[in-house]
Amino acid sequence: ENNAQNKNYLVLGKWCLNSDIEKKINIKNNIILNYHWDDRKKFERDYLYLNKLNISATEFLTKNLNKIHNVNFSNKYWYKILGYWLTHFVSAFFDRYQMLKNAQAYSNDLKLETFENFETKYLAANDTTAFIQAIQSDSFNLALFTEISKYLDNINIIYNIKTDYFIKDSQKNFKYKSKIINYLYKFFPKNLKKIIISKAQISILHSFQLSLLTKNIFLPIYFPHFEKNIKFNETIRDWSLEDLKVQNEFEKIFYKSLPKCLPRIFLEGYIEANKMKNNFEKNINLNPNPSLIFTCNAHLRDELFKLWMAEKCENGSKFISYQHGCGCKGKLDQVEIFENCISEIRLKPSIKDELNDKKNLNVGRYNFRLKIRNQFVKKPKILIALFDTPRYSNFLIDRHVSSQFLYYLEDQKNF
């Protein structure tokens, strides 16, 4: 804005600032609020609270989605499909709410400038991947702050930002390798497909070895992406809250906003996505009753895989996941809780067994970076590895979040 230097701003945290913003506003004359999760005891309390809220939110979603789609699936079915999105959304929504409450505590005369053409449909991404991309953008978070502020006192919303807001469609590439594997897979008989593998990060050599060992085809199949842009329908997102027991102001706002923010593939696109899933299952000649389903990461963002896997698990199939990322296990990790909940067994790249842990099976870890590491070991150089983090927090894990990354960098420099 041309007159930004003349306005007084209440900055929600250091994460708001960058070189462009500091040029537009006179930062010395404005207040920067402390980030609420700098209090690590509060962080742990909120972690436990939000995990419980995830459970009640899943029950709320199950009840309404079963009614809308005329089905009768369990909480486990719906959690397998939308639990990864829900884990991110619940924490992100709570984080934005807490920042606005901090602002309210500082001033009872707040103004929020937002999009001139703000509409409810801006809150609903096409699918999980599109949401996770959007939740790191300024425009989507402004829409989220706007939605929450509508229910808070002393925040005057001014619709004056002239810009075309939109959520970008998620970037999806279906490679030729995937198409070739899927094409070859359909020629094998169903009795050799009792174990279904998808996105398993297994080499061709290991696939061949495992096929001989198990007498099962260990080709990792790839479910297609649902690429259609789904039209938003506001009428099916008006859900009753009469029978819902809310504990506080946040939960009241959260449950009012939850149906509006649900990705469209779970509502408007659910029927069509299921048809696409069924056609793929038929075309690739999948076993209709697999005993085991295994993946590293298809259960996170691959919507058609999740629809198929959740349905098969309802009918008795067992789901096994392999921790695809770092082998380090922290004290708090919401994604790990999600993966433990949906998995019959979870394989972990760790060498340490934990007592009384029958679900997690430690299988060691692949040393993918051995060659890279050796290059630095042989040469007189120092490799300093730093872990970055998004400006906007979207799920809870016991490491630096949001503007705490700035403290982390300072610690690294001091060390």
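Colleague: What makes up the protein chain in terms of helices and strands?
Modeller: In this predicted model, the protein chain is built with 14 helices and 9 strands.

Colleague: How many of its residues count as buried, and what does its accessible surface come to?
Modeller: Of the 415 residues in the protein chain, 49% count as buried, while the accessible surface is about 23100 Å², with 52% of that area belonging to carbon and sulfur atoms. Among the contacts with a separation of 6 or more, 73% are between residues 24 or more positions apart.

Colleague: Why does Ser198 count as buried?
Modeller: The cut-off for buried is under 20% relative accessible area, and Ser198 has a relative accessibility of 0%, so Ser198 counts as buried. Its place is in strand 5, which covers residues 195-198. Leaving aside neighbours within four places in sequence, Ser198 is in contact with Ile221, Phe223, Phe294, Thr295, Cys296, Ala298 and Phe305.

Colleague: Which residues meet where helix 2 and helix 8 are in contact?
Modeller: From helix 2 come Tyr49, Leu53, Ser56, Ala57, Phe60 and Leu61, and these meet Phe250, Glu251, Phe254, Tyr255, Leu258 and Pro259 in helix 8. Divided by class, this contact has 10 nonpolar, 1 polar and 1 charged residues.

Colleague: Why are helix 3 and helix 11 described as roughly antiparallel to each other?
Modeller: Helix 3 (residues 75-106) packs with helix 11 (residues 303-314) at an angle of about 165°, and their axes are 9 Å apart. Angles over 145 degrees count as roughly antiparallel, and the value of about 165° therefore makes helix 3 and helix 11 roughly antiparallel to each other. Helix 3 passes helix 11 in a right-handed crossing.

Colleague: Which residues make the contact between helix 3 and helix 11, and how do they divide by class?
Modeller: Helix 3 contributes Tyr77, Lys80 and Ile81, while helix 11 contributes Glu303, Lys306, Leu307, Met309, Ala310, Glu311, Cys313 and Glu314. The residues of this contact divide into 6 nonpolar, no polar and 5 charged.

Methods: Residues are numbered from 1 along each chain as its sequence is written. This is a predicted model: local features need pLDDT of at least 70, side-chain atom pairs count only at pLDDT 80 or more; totals for chains, interfaces and linings use all residues. Side-chain values use heavy atoms; hydrogens and water are left out. Helices (H or I, at least four residues) and strands (E, at least two) are DSSP runs, numbered from the N terminus. Buried means under 20% relative accessible area, exposed over 50%, partly exposed in between (1.4 Å probe, protein chains only). Contact means heavy atoms within 4.5 Å. Accessible areas come from the Shrake-Rupley method with a 1.4 Å probe; for residues, only the protein chains shown count as cover. Ala, Val, Leu, Ile, Met, Phe, Trp, Tyr, Cys and Pro count as nonpolar, Asp, Glu, Lys and Arg as charged, and the others, Gly among them, as polar. Axes are lines fitted to C-alpha atoms, for helices over the stretch in contact, and angles run from 0 to 180 degrees between N-to-C directions. Angles under 35 degrees count as roughly parallel, over 145 as roughly antiparallel, 65 to 115 as roughly perpendicular and the rest as oblique. A crossing is left-handed if the near helix is turned anticlockwise from the far one by less than a right angle, and right-handed if clockwise.
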